[in-house]
Amino acid sequence: MKDTSNYPIRAVSQRTGLSAHVIRAWEKRYGFPEPARSETNRRFYSQTDIETLLLLKQLIDKGYAIGQIARLQPDELRQLLATVSGSKANRAEAGTEAGSVAEESLVRCLDAVNALSAETLLAVLRQATLTLSKPHLLEKLISPLMEEIGNRWERGELRVANEHMASAVVRTFLVNLLDAATPDAEAPAIVVTTPRGQTHEIGALMVAVRAASLGWRVTYLGADLPSDEIGAAALTLKATAIALSLVHPAGRIEVVHEIHALHDALPAVPIIVGGRSIESYRLLLEARGIDCLASLADLPGALQRKVHSQKPSLH
């Protein structure tokens with residue numbers, strides 16, 4: 001049967017989970033995919049294109065950089081995917097390349113912050129999406145970027161204006177990543193926010209983007225929300241889980257009370273809490289059976305546990 005090219009880029013994006021921006025960027029940089037063109041220059045893709053893009057995305061989600069695999073044939077991609085789970089060497093190689101790209105991007109991001117160049121900062125972040133998987137992008141670039149910006153501000157090496165500019169750019173970048181997600185209508189729902197008294201939202205947005213990349217239907221509520229509002233949203237959305245980020249301030253008993261109140265109001269809805277200040281809250285939260293994550297890397301396992309008996313396909 002002839003493999004006709006009749007899928008527009010929007011449909012391809014929905015079926016693969018890759019943004020149209022990324023698909024076009026791969027075409028320009030690596031020569032794949034090679035879509036057919038209409039008389040009006042619209043791109044149209046084949047079923048083979050979609051299947052190959054799905055293979056690429058699965059390998060990227062396992063830690064490979066697109067530059068390593070973009071020019072492989074579909075059979076080679078399938079073979080690699082079949083063996084990658086048991087290959088420590090492959091994972092180490094992918095991790096090493098991703099780490100190198102992230103380190104270089106981090107330096108360029110910090111230079112842009114120092115120069116107050118929002119345009120350059122956003123351009124570096126967008127470029128990083130072409131070579132880094134979502135986990136590496138969040139854990140190896142954005143997280144250390146925001147931590148280093150905070151450290152420099154605390155040491156007096158960075159002005160408030162620079163920190164605010166960087167936060168605004170990173171927030172916009174993460175919101176765009178979240179908006180590009182296309183979850184299945186039957187996917188489990190999660191509410192992501194910060195409790196009352198926690199006004200820093202970059203950590204929560206990172207959680208939202210990572211959960212969306214794992215196939216969850218994410219509703220992001222912004223920052224600094226009272227427990228009753230979080231609970232009402234979770235009930236309305238029939239949420240499978242609630243994720244909260246704690247960054248600053250640390251060790252506030254009022255924050256503990258907010259989370260305890262939420263837990264008491266919705267005992268059947270698991271609450272996952274993480275963030276830079278988590279260790280100052282861990283004992284009081286875990287005493288109530290609330291999951292406390294040491295890092296964003298722990299999120300996939302925590303979410304998997306929440307739906308293990310309901311959605312095994314999300315493993």
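The stops below each say what to select and what is found there.

Before selecting anything, note that this is a predicted model, in which local features need pLDDT of at least 70, side-chain atom pairs count only at pLDDT 80 or more, and totals for chains, interfaces and linings use all residues. Residues are numbered from 1 along each chain as its sequence is written, and side-chain values use heavy atoms, with hydrogens and water left out.

**Stop 1: the whole chain**

Switch to the C-alpha trace, which spans about 65 × 50 × 45 Å along its principal axes.

**Stop 2: inside and contacts**

How many of the 315 residues count as buried? The share is 48%, where buried means under 20% relative accessible area (1.4 Å probe, protein chains only).

Now look at contacts, meaning heavy atoms within 4.5 Å. Among contacts in the protein chain with a separation of 6 or more, 71% are between residues 24 or more positions apart.

**Stop 3**

Select residues 5-8 (S1), 36-37 (S2) and 43-46 (S3). These three strands form an open antiparallel sheet in the order S1-S3-S2; two strands pair if DSSP finds at least two bridges between them. S1 and S2 stand at the edges with a single partner strand each, so one side of each has no neighbour in the sheet.

Begin with S1 and S3, which pair over three bridges. Select Ser-5 and you will find Ser-46 of S3 opposite.

Next, turn to S2 and S3, joined by two bridges. Here Ala-36 has Phe-44 as its bridge partner, and Arg-37 stands opposite Arg-43.

**Stop 4: the hairpin**

Which residue takes a positive phi in the hairpin of S2 and S3? Select Asn-41: its phi is near 75 degrees, and the hairpin has five residues between the strands.

Conventions. Buried < 20%, exposed > 50% of the residue type's maximum accessible area, 1.4 Å probe, protein only. Helix = DSSP H or I, 4+ residues; strand = E, 2+ residues; numbered from the N terminus.
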